[in-house]
Amino acid sequence: MESPEKLVEMRSITKRFPGVLANDSASFTLLRGEVHALLGENGAGKTTLMNILYGLYTPDAGEIFVRGRRVQIRGPKDAISLGIGMVHQQFRLIPTHTVAENIIVGARDVGFVLRFGRINERLSELIKYYGWSISPTSKVWQLTAGEKQQVEILKALYRGAEILILDEPTSVLTPQETVVLFQTLRKMASQGLGVVLISHKLDEVMAVSDRVTVMRRGRTIVTKPTRETNQRELAFLMVGRELSELEARPMAAGGKPVLEASGLQILDDKGLLAVKNISLRLFRGEILGVAGVSGNGQEELIEALVGLRKVRAGKILLDGVEMTNRPSADFIREGVAYIPAESLRYTAADMTVAENIILKSYRNRRFSKRIFINWKTVYDEAGKIIKDFNIVTPSPFSKAGNLSGGNIQRLVIARELNLQDNIKVIVAAYPSKGLDVASTEFVQRKLVEAREKGVGIILLSEDLEELFLLSDRIIVMYRGEIVGELPRQQFDLEKVGLMMTGVKGAEVKA
Ligand SMILES: Nc1ncnc2c1ncn2[C@@H]1O[C@H](COP(=O)(O)OP(=O)(O)OP(=O)(O)O)[C@@H](O)[C@H]1O
Ligand SMILES: [Mg+2]
């Protein structure tokens with residue numbers, strides 16, 4: 001049998017950033033017709049390597065061949081004309097434009113209006129072929145995260161991409177959307193495309209890829225056919241040690257609720273009622289899981305619970321103290337920690353890593369004498385936290401904005417969990433999003449430890465496995481309401497999955 005064509009060959013790619021060797025003589029080959037998973041711990045250099053292929057960075061050394069020809073890729077334009085497409089973690093779409101308009105922006109097509117019909121026809125064909133449900137005429141703001149991602153993929157395909165790079169595509173998807181994406185990837189591979197899939201989720205990698213490449217500290221350490229490896233070995237290759245399984249323990253909760261909300265009505269950014277009528281109680285030493293497809297009011301709910309969003313009606317009590325519509329600084333002072341979904345937004349990108357770590361606790365006496373900050377103590381402490389949380393950064397003085405996605409997430413978690421002694425409640429939104437296996441385990445362990453100390457935790461996650469592992473109780477949200485509540489003994493994937501689509505708890509057969 002003839003071996004498939006090499007669509008891409010990257011040889012000995014080296015890329016330095018100030019103080020960091022992001023890619024260290026890394027090599028990577030993508031074959032026609034394969035889904036190739038790219039794995040590695042946070043900061044291993046995956047995004048950098050693929051950004052180089054897409055022309056966003058110029059390598060310091062190394063060679064790139066596309067379909068056997070040596071190429072210089074000076075920017076995304078060069079990449080696109082070589083048939084390379086990339087879907088980033090953050091979508092780059094214009095919300096007020098339609099799907100078709102978004103796809104045409106930047107394409108070399110002229111006479112858009114004239115040929116609009118033809119373009120729509122071609123897009124509809126592609127949409128139908130991949131079995132999607134988006135329409136070329138829908139406005140992007142109306143789409144779910146999964147649909148926006150389809151638009152990004154469609155954009156690449158429409159421009160004739162044969163090589164498609166997806167950077168952690170499933171981190172924004174629901175389990176159902178992930179299934180659809182994987183069908184799409186397999187279809188592309190069977191059409192002769194080459195797909196690069198960056199992911200931290202080993203079960204997904206095992207399910208959808210043909211080959212996997214593992215990176216460690218900027219190097220590509222191994223490439224293997226997926227069927228010749230397993231999750232355990234992959235984790236070992238990435239981390240360089242065996243990982244232990246987290247054991248879930250039964251709830252030790254009870255007594256008075258530490259957080260109590262009743263009759264909440266909350267508006268979203270557009271002024272629409274995102275939370276219609278929600279009441280809940282969180283007990284000490286309890287992890288309350290909140291399941292739901294993103295966009296059903298859960299983001300607005302948790303923002304209200306940490307004082308970042310006003311409620312239109314209802315009451316919030318913390319340890320019996322009325323907190324309704326008080327400023328977020330009061331919530332912090334009263335012991336509410338918040339791990340936000342978009343950690344980047346809650347990081348001061350231009351400040352140093354150390355400054356970010358102490359951001360919330362600079363009034364702490366350890367760091368300041370009256371108004372003067374004791375920088376020596378700050379940097380000592382920061383150094384310790386960087387080590388404890390395994391934050392990959394050249395130094396505590398480096399700009400936080402330059403850290404890899406997973407390391408920014410670790411930074412925020414370190415800041416929230418490490419420096420407050422009086423934490424009563426942790427509100428965690430997608431805390432392991434973007435984290436590699438070792439860090440996910442680390443964060444989950446931190447949450448369990450906090451629970452054991454009596455902290456009440458609200459955990460928002462779209463990863464049902466994570467929710468089932470950690471939660472003592474799960475509530476399911478749909479269209480601004482709680483449609484069901486399950487104690488640990490009744491956790492069931494299908495049941496929760498159904499409730500997430502709006503089937504009420506009582507209607508689900510036990
Ligand atoms: N523009 C930049 N300036 C400075 N350093 C950078 C820049 N981009 C990446 N780095 C550094 O290069 C290293 C590799 O980062 P990269 O984003 O490629 O990692 P990754 O494997 O994608 O990690 P993650 O899983 O967390 O997304 C990290 O230490 C990161 O801080
Ligand atoms: Mg990355």
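Reply: Arg-479 counts as partly exposed, with 15 C-beta neighbours inside 10 Å. A residue is buried if 20 or more other C-beta atoms, placed from the backbone, lie within 10 Å of its own, exposed if 12 or fewer, and partly exposed in between. This is a predicted model, in which local features need pLDDT of at least 70 and side-chain atom pairs count only at pLDDT 80 or more, while totals for chains, interfaces and linings use all residues. Residues are numbered from 1 along each chain as its sequence is written, and chains are lettered from A and ligands numbered from 1 in the order in which they are written.

The loop between β21 (473-478) and β22 (481-487) holds Arg-479; strands (E, at least two residues) and helices (H or I, at least four) are DSSP runs, numbered from the N terminus. Phi of Arg-479 is positive, near 45 degrees, although the residue is not glycine. Most residues other than glycine have a negative phi.

Asn-325 also has a positive phi without being glycine, here near 55 degrees. Asn-325 sits in the loop between β15 (321-322) and α10 (328-333), and it is partly exposed, having 15 other C-beta atoms within 10 Å. A positive phi, near 95 degrees, is found too at Gly-192, which follows α6.

Helix α6 (residues 175-190) has 16 residues and spans 23 Å from first to last C-alpha, close to the 22 Å expected at 1.5 Å a residue, the expected span being 1.5 Å times one less than the number of residues. Its buried residues are Glu-177, Thr-178, Leu-181, Thr-184, Leu-185, Met-188 and Ala-189. They lie on the same side of α6 because they cover an arc of only 135 degrees around the axis, taken from the directions from the helix axis to the C-beta atoms. The face turned away from that side carries the exposed residues Val-179 and Ser-190. Among the elements covering the buried residues of α6 are β3 (35-40), α5 (145-158) and β7 (163-167).

As for the whole, the chain has 16 helices and 22 strands, and 46% of its 510 residues count as buried. Of the contacts with a separation of 6 or more, 69% join residues 24 or more positions apart; a contact requires C-beta atoms, placed from the backbone, within 7 Å.

Key. Contact = placed C-beta atoms within 7 Å.
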